[in-house]
Amino acid sequence: MSIKAQTPGYVIERTAKRLKWSFQQTLNALGADITADQWVLLDRICAEEGNSQQYLASETAKDKPTVTRILDRLQDKGLVER
């Protein structure tokens, strides 16, 4: 095993990517027309409606432009209203 593969940062990043991929596969198998990132925002919105995009970014560990793009796509799909 390489030294790179043994570093905590590498292991954490690789684990996070695998978990996200696995969750995306589950969403696809269920026929959900959303991405894992979209689901994360929808989950937060459903838990606490009426929060700002800045709050959603903070809660989901995403930057503000990413939250805006995800919300744009969710709005296009008719899943959220601003």
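A residue counts as buried with under 20% relative accessible area, exposed with over 50%, and partly exposed in between (1.4 Å probe, protein chains only). The model here is predicted, so local features need pLDDT of at least 70 and side-chain atom pairs pLDDT 80 or more, while totals for chains, interfaces and linings use all residues. Residues are numbered from 1 along each chain as its sequence is written, and side-chain values use heavy atoms, with hydrogens and water left out.

Phe23, at 29% relative accessibility, is partly exposed, and so is Trp39, at 35%. Rings of Phe, Tyr and Trp (its six-membered ring) pair if their centres lie within 6.5 Å; planes under 30 degrees apart are stacked, over 60 edge-to-face, and the rest tilted. That rule gives 1 aromatic pair. The ring centres of Phe23 and Trp39 sit 5.1 Å apart with planes at 75°, so this pair is edge-to-face. Since Phe23 belongs to helix 2 (residues 8–29) and Trp39 to helix 3, the pair ties together parts 16 residues apart in sequence. Helices here are DSSP runs (H or I, at least four residues), numbered from the N terminus.

Then there's helix 4 (residues 53–60), where Leu56, Ala57 and Thr60 are buried. Seen down the helix axis, the buried residues fall within an arc of 100° (taken from the directions from the axis to the C-beta atoms), so they line one face. Gln54 and Ser58, on the other side of helix 4, are exposed. Helix 3 (36–47) and helix 5 (64–76) are among what covers the buried residues, with contact meaning heavy atoms within 4.5 Å. Just past helix 4, Ala61 has a positive phi of about 55°.

Definitions and conventions. Helix = DSSP H or I, 4+ residues; strand = E, 2+ residues; numbered from the N terminus.
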